[in-house]
Amino acid sequence: IHHSQIAKISHIQSQTVATGKGNIIGNKGAAAISFQFMESTFLFVNCHLAARAERFEKRAKNFTRIVKELKIGNIPAVDILHQFQHVFWFGDLNYRIEKEFNQVIQLIDKKQWDAI
C-alpha cells in the first residue's frame with residue numbers, strides 16, 4: 001500500500017486455520033487477512049490444500065473447513081465468502097490436470113471444460 005493511502009485502511013483482521021494431520025498440524029491450511037479500504041472490503045486467503053491427484057475430495061473438505069473455521073469479518077453468523085466485496089483465494093491448491101499440454105489446449109479452445 002502506498003504510504004499516502006494508509007489512513008484509508010481500517011478493520012484489519014487476520015487468522016489461520018490448520019487442516020493438516022488431525023486438523024492440528026499446520027503444514028496444510030490457510031492464512032487470511034481482511035481489511036476495509038475506504039468503502040470496500042477485501043479478504044485475501046492463502047492456502048495449502050491436500051496433495052496428490054486422488055485426494056480431490058480431501059481438498060474439497062479442506063476448502064469447506066477453511067470457509068467454516070475462518071472467523072474473520074464483522075458478521076459471525078455469515079461465512080467469509082459472503083461477508084466481503086472482494087475475495088482473493090490463492091496458494092498451493094494442489095489440483096492437477098492429468099492430460100498432455102496440447103490436448104488441454106484443444107479442450108480449452110473447444111470449451112470442453114468437463115473433459116479437462
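Predicted model: local features only at pLDDT ≥ 70, side-chain atom pairs only at ≥ 80, totals over all residues.

Reader: Fine. So which strands does helix α1 lie across?
Author: Helix α1, residues 56-69, lies across β1, β2, β3 and β4. Its direction is at about 135 degrees to β1.

Reader: And in what order do the four strands form the sheet?
Author: The order is β1-β2-β3-β4, in an open sheet with mixed pairing. β1 (9-18) and β4 (86-92) are the edge strands, each pairing on one side only. From one strand to the next, the twist averages 10 degrees.

Reader: How many bridges join β2 to β3?
Author: Nine, and the two strands run antiparallel. β2 covers residues 29-37 and β3 covers residues 40-48. To get your bearings there, find Ala31 in the model: Asn46 in β3 stands opposite.

Reader: Switching to packing. How many residues are in the largest nonpolar core?
Author: It has 13 residues. Among those with the most contacts inside it are Ala32, Leu43, Val45 and Ile66. β2, β3 and α1 each supply at least two residues, and β3 gives the most, with three.

Reader: You mentioned Ile66. What is Ile66 in contact with, leaving aside neighbours within four places in sequence?
Author: With that exclusion, Ile66 is in contact with Val17, Thr19, Gly29, Ala30, Val45, Cys47, Leu49 and Trp89. Val45 is also on the list of core residues with the most contacts.

Conventions
Residues numbered from 1 in each chain as written. Heavy atoms only, no water. Pairing = 2+ DSSP bridges. Axes fitted to C-alpha atoms, helices over the stretch in contact; angles between N-to-C directions. Contact = heavy atoms within 4.5 Å. Core = buried A, V, L, I, M, F, W, Y, C linked by side-chain atoms within 4.5 Å. Buried < 20%, exposed > 50% of the residue type's maximum accessible area, 1.4 Å probe, protein only.
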